[in-house]
Amino acid sequence: MKIFSRTSIYFALVLCTFSCKDSFVNVDNPTAISTANYPKSVSDLEQLLAGAYATQHAGGIFGRAIGPYSTYLWDHTCDLSWQGSPNWIQMAQNNALPSDNFLVQIWPDLWRGVQRCNTILEACENLNEEASASDKESIELIKGQTLFLRAWYYSYLVAFWGESFLVTAADENKMGVPIITEVANNLDNTQVERNTVKECWDFIISDLKASETILEGKTWTAEADKYKVDQWGVKGFLGKVYVYTRDWQNAKAYLSEIINSSNKSLVPFEDYKMMFNGENEFNSESLFELNLNVDMTYSGANDLSMGSMIGTLISPTYVGDNGSPIASAWSNVFPHEKNIERFGFKEGHYFPAGTLAANVENVDPEYISKSIAAREAKSVDPRLWVACLQPYVDSMTVSGVTKPISHYLDISETDMEAWSFRKYVNLEGTELEVNRANGSNILWLRLADIYLLYAETLIETGDETSALEFINKVKRRAYDYDVNSPSPVDYASLSDKTMASDALLKNDPLKYERWAEFFGEFNWWFDVCRWKIGDKEAAFYEKIRGGQIQWNDTDYAQPIPVLEMSANSNMKQNPGY
């Protein structure tokens with residue numbers, strides 16, 4: 001859904017860049033943009049706010065890098081078909097370097113989001129002094145959204161670059177990231193030290209609490225405002241942060257309030273399976289989503305764009321006219337084959353043993369019939385086919401023609417399970433047909449997440465019976481049963497058998513449900529970090545196509561980019577780099 005005019009995005013993105021004080025940026029042209037003449041109205045602030053929202057899908061964030069250039073690699077959601085980028089391979093081996101090209105994109109775009117939020121907050125204070133009563137109310141709502149967004153950007157900064165999540169008391173004083181609340185107006189202001197991890201999470205909570213106060217009772221009903229965060233988005237984020245920081249009493253209070261008072265509900269399975277592909281957006285399950293739209297003018301990695309390029313990197317491959325795999329776009333990464341097994345798929349392989357060429361003519365017909373039967377009988381977790389496209393069974397549309405999904409492009413190993421991603425790709429055409437600017441909204445926070453976070457909180461506070469019920473609610477929807485009634489697929493206990501066969505997940509319904517429900521949704525890495533299970537995950541996945549996974553406990557935190565280390569004399573590098 002299109003909500004921003006391209007003009008407003010352009011001004012919002014450019015003007016934030018020039019919103020430093022006059023002493024820092026000298027503007028000789030009196031008609032040019034400066035803090036002396038912009039922002040001067042609520043309308044101006046709304047333009048700046050549009051830019052702060054749009055930065056969420058800048059190229060270094062959800063425009064391209066979050067997922068295929070970061071979390072998908074670290075938690076092994078993906079493996080690499082493209083073998084031409086050594087740093088990409090190293091990241092997937094958990095061997096990121098301070099000079100990594102991809103981290104160099106993520107770090108500055110997240111900080112740009114912080115800077116734009118600081119600019120807006122400063123402008124809100126300046127305009128509020130002489131504003132009318134009605135304008136003061138509008139300015140306050142802008143401030144509430146901006147505080148949420150600043151907390152959002154900081155949550156990624158501290159989760160990626162903080163030395164540790166708050167797992168033990170000893171983690172509180174480990175290095176986080178600098179806390180910056182004002183727009184820098186000279187070079188000295190950019191020479192900042194790192195705050196502690198606890199100070200960073202406390203700051204995030206403080207911003208969210210302030211946002212909650214302002215947005216209490218606020219919902220957005222106009223079509224053009226649906227993308228804006230409301231009271232439930234803020235409360236949901238707070239609940240999640242309290243789980244992340246192991247503040248179980250506050251987590252319980254916020255998560256239960258959402259469950260009992262928000263009127264949110266899990267959508268039916270038929271809606272669920274399509275809501276990551278541009279359909280059923282802003283539905284009853286969504287608490288906050290990044291609003292995207294196909295943009296035929298700017299490709300997704302450009303933050304002037306209204307779309308995202310993530311789909312281009314993870315794009316499916318299909319059967320070409322000669323029977324061999326064809327890339328639907330860049331087709332760089334595909335689901336790690338261990339993930340197919342983890343969903344419980346044990347129906348053999350689409351190529352018989354000894355097959356030498358990845359060609360549709362070599363597909364085992366019995367495999368296809370067995371796979372369809374397993375899907376219909378739900379003997380495999382149905383979320384496998386929500387998250388992934390199965391070679392020679394599923395299909396996509398290419399230039400209006402239905403094409404079978406193929407063994408993934410450039411995977412020479414014909415015995416490897418080389419499926420394609422399904423979430424956040426264009427099923428009605430190729431990514432090139434939408435200018436590499438996919439318009440599928442990113443469902444950043446939804447009720448299934450709240451249910452499983454609440455279940456975890458209940459376990460930690462001694463109510464295992466209720467915890468199991470909330471885990472089962474999520475599983476029931478996945479199998480298309482009534483969410484609120486007992487079903488044949490219910491777990492009988494918190495240590496019941498799951499679809500996974502690996503040591504970590506096979507008897508842990510909570511962990512398995514978080515993994516399966518959010519596969520391909522950029523969440524699992526943060527669970528890996530806060531549960532400190534990186535070593536176990538590395539042992540399960542073992543290797544990628546580029547080599548063995550090499551895990552060290554310092555891999556929970558990414559290296560500060562070398563450019564930042566050079567530019568900021570007070571910045572300290574993370575251990576292990």
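Modeller: What follows goes through two helix pairs, then one helix and a residue in it. Keep in mind that this is a predicted model.

Biologist: What describes two packed helices?

Modeller: Packed helices are described by two values, the angle between their axes and the distance between those axes. Here, helix α6 (residues 133-161) packs with helix α7 (residues 197-215) at an angle of about 155°, and their axes are 8 Å apart.

Biologist: Are α6 and α7 roughly parallel or antiparallel to each other?

Modeller: Angles over 145 degrees count as roughly antiparallel, and α6 and α7 are therefore roughly antiparallel. Their crossing is left-handed.

Biologist: Which residues meet where α6 packs with α7?

Modeller: On the α6 side they include Leu141, Leu147, Phe148, Tyr154 and Val158. Among those in α7 are Trp201, Phe203, Ile204, Leu208 and Ile214. By class, this contact of α6 with α7 has 14 nonpolar residues, four polar and four charged.

Biologist: At what angle do helix α5 and α6 pack?

Modeller: Helix α5 (residues 103-128) and α6 pack at about 155°, with axes 9 Å apart. That makes α5 roughly antiparallel to α6. The crossing of this pair is left-handed. The residues in the contact of α5 with α6 divide into 21 nonpolar, four polar and four charged.

Biologist: Now a single helix. How many residues does α16 have, and what span does it reach?

Modeller: There are 15 residues in α16. From first C-alpha to last it reaches 22 Å, close to the 21 Å expected at 1.5 Å a residue.

Biologist: Is α16 mostly covered or uncovered?

Modeller: A residue counts as buried when its relative accessible area is under 20%. By that cut-off, 11 of the 15 residues of α16 are buried, and the helix is mostly covered. The buried residues include Leu468, Phe470 and Ile471, and also Lys473, Lys475, Arg476 and Arg477.

Biologist: Which elements do the buried residues of α16 pack against?

Modeller: They pack against α9 (248-261), α10 (269-272), α14 (383-387), β10 (442-446), α15 (447-460) and α17 (509-517).

Biologist: Why is Arg476 called buried?

Modeller: Arg476 lies in helix α16 (residues 464-478). Its relative accessible area is 1%, so Arg476 is buried.

Biologist: Which residues is Arg476 in contact with, leaving aside neighbours within four places in sequence?

Modeller: Among them are Glu469, Asp482 and Asp490, along with Tyr481, Asn484 and Pro486. One backbone detail remains: just after α16, Asp480 takes a positive phi of about 65°.

Definitions and conventions
Residues are numbered from 1 along each chain as its sequence is written. This is a predicted model: local features need pLDDT of at least 70, side-chain atom pairs count only at pLDDT 80 or more; totals for chains, interfaces and linings use all residues. Side-chain values use heavy atoms; hydrogens and water are left out. Axes are lines fitted to C-alpha atoms, for helices over the stretch in contact, and angles run from 0 to 180 degrees between N-to-C directions. Helices (H or I, at least four residues) and strands (E, at least two) are DSSP runs, numbered from the N terminus. Angles under 35 degrees count as roughly parallel, over 145 as roughly antiparallel, 65 to 115 as roughly perpendicular and the rest as oblique. A crossing is left-handed if the near helix is turned anticlockwise from the far one by less than a right angle, and right-handed if clockwise. Contact means heavy atoms within 4.5 Å. Ala, Val, Leu, Ile, Met, Phe, Trp, Tyr, Cys and Pro count as nonpolar, Asp, Glu, Lys and Arg as charged, and the others, Gly among them, as polar. Buried means under 20% relative accessible area, exposed over 50%, partly exposed in between (1.4 Å probe, protein chains only). The expected span of a helix is 1.5 Å times one less than its number of residues.
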